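Subject: Structure for you to look through

Dear colleague,

Here is the structure that I promised to pass on. Please open it alongside this message, and my notes follow below.

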Protein chains: 4
Amino acid sequence: MVKQTPSTRDDYCVFSTITTRWFDNDVYGHMNNTVHYQLFDTAVNGYLMEQGLLDFKSGPTVFLVVETGCKYFSEISFPDVISAGIKVIKLGTSSVVYEVGLFRGDADEASAEGHFVHVNVDRETRQPLVINEASRKKLNLLIQ
Amino acid sequence: MVKQTPSTRDDYCVFSTITTRWFDNDVYGHMNNTVHYQLFDTAVNGYLMEQGLLDFKSGPTVFLVVETGCKYFSEISFPDVISAGIKVIKLGTSSVVYEVGLFRGDADEASAEGHFVHVNVDRETRQPLVINEASRKKLNLLIQ
Amino acid sequence: MVKQTPSTRDDYCVFSTITTRWFDNDVYGHMNNTVHYQLFDTAVNGYLMEQGLLDFKSGPTVFLVVETGCKYFSEISFPDVISAGIKVIKLGTSSVVYEVGLFRGDADEASAEGHFVHVNVDRETRQPLVINEASRKKLNLLIQ
Amino acid sequence: MVKQTPSTRDDYCVFSTITTRWFDNDVYGHMNNTVHYQLFDTAVNGYLMEQGLLDFKSGPTVFLVVETGCKYFSEISFPDVISAGIKVIKLGTSSVVYEVGLFRGDADEASAEGHFVHVNVDRETRQPLVINEASRKKLNLLIQ
């Protein structure tokens, strides 16, 4: 599922703006490879909360991450401002596979891209549950 | 140096906007107390870089942190957007004491406020050095 | 409450061992000032959990942080192994003030020391509650 | 390259012990998916430093991350202690592909496993360089 060449902004549906932080930079003066995943989490969960698909405090179901991956094409570093694009590339019975692209400033090519697999689970038992129709309808809008 | 009541936006000179992240929230569903310090670092160093007072990649001097503190007045949580206000409360020979306030959304009262003490050092030897006149002039503008 | 000179190991009651991580180091090649607070959180809450004073998943009360501070005496950097010493310096009706010292490897002097103020609150309402006698008894053991 | 079932400790060559931290746990009370990558970084770079294959402060070459991935099999949460196993699964001209497994406490099955691709680059130009014979010899020992 790993990309070999960077996508462009056209390849994504929905964007959010994320500011970088001083301590995103590691000893090499660029954003540490683990921070990209913080931005993936933020872009995906932020969208789900905004759309009413996730209520992490009191909803009966939540989405847990079962697989992630990232390809780093070029460096990002503080104080870059990032646009994080998301789309759904597979909508299963209880799982959703997202693709996320991180774009620096006005760049049209992604600096990094990853995938992010969510499973819809019961908050208490953490057993997988079918994604309901209302959620499925909204997630379908993220398929290009 | 710890504040007992929250300041308002009027008490600060310069602001930057910082987006929160999914993983800023800890098990209590609010921003973990350590993240506030990441925002302090970002607000202060971001301003220094923007003003040409810090070049962390190749400048002969850098600012190292020797003391920090924070008072937490009210909860911040993802997806809040934060305005971080900064001001200088003491400008010494080689050190600068900043106060930083974090304001949620449009709130006029700070959710948290801290102080942040920087010492100007030689990049290699890490020995304190006098802050030069050009820098001092710019830092003086942050004293209210 | 800020220390001017480093304490030694004798000044602390209880220690835990914490390993550092690659990404604790920032662009200056040393542990970023915000990571020290992650270690404070870990040392204090780890001890509380071990002693049965905190059950963050289902206990009726939890401890929230209302104030923190740190003085940085000397650099820590990955791959250092840290001993984190804790003690209680004030035990109030509903609050506890801890002091935490971070010691590198076999060093007898602290590399950094901080304070950490916890308030005992109701998990749901987040209103302060009196610390019960059983907890008070155990916390008293941390006063030197 | 993503694993479908967890490996056991036998599948790894070299282990390091990593302590978890309070703030590794996210709102779901388990280790956030991004922290696993911090542990991968720590296990791999820690081993390279210990073996004299990486000197991040002054070496002429460093290893940069170009691709990572992780499969999460079961939850890890603070205060778990982790054994991180590493092995090399591909040793190219200028790149190394590692597999890393995270084992909780005494568990024999990995809670999470990932891959981690390093490229050997010139510290200044960040252009890929052939991995020298001395390093290649040592990395070969990590192939099972």
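This is a predicted model: local features need pLDDT of at least 70, side-chain atom pairs count only at pLDDT 80 or more; totals for chains, interfaces and linings use all residues.

Residues are numbered from 1 along each chain as its sequence is written, and chains are lettered from A and ligands numbered from 1 in the order in which they are written.

Chain D is superposed on chain A by a rotation of 180° with 0.0 Å of shift along the axis, at an RMSD of 0.0 Å (least squares on the C-alpha atoms of residues with pLDDT of at least 70 in both). The two copies are thus related as by a two-fold rotation axis.

The contact takes 19 residues from each of chains D and A, two residues being in contact if their C-beta atoms, placed from the backbone, lie within 7 Å. On the side of chain D that touches chain A, β2(D) gives the largest share, ten residues (strands are DSSP runs of E, at least two residues, numbered from the N terminus).

Strand β2 (residues 61-72) of chain A pairs with β2(D) in the antiparallel sense over five bridges, where pairing requires that DSSP finds at least two bridges between the strands. In β2(D), D:Glu67 is the bridge partner of A:Lys71. Within chain D, strands β3 (residues 81-91) and β4 (residues 95-104) are likewise antiparallel, over nine bridges.

With best regards

How values were computed:
Helices (H or I, at least four residues) and strands (E, at least two) are DSSP runs, numbered from the N terminus.
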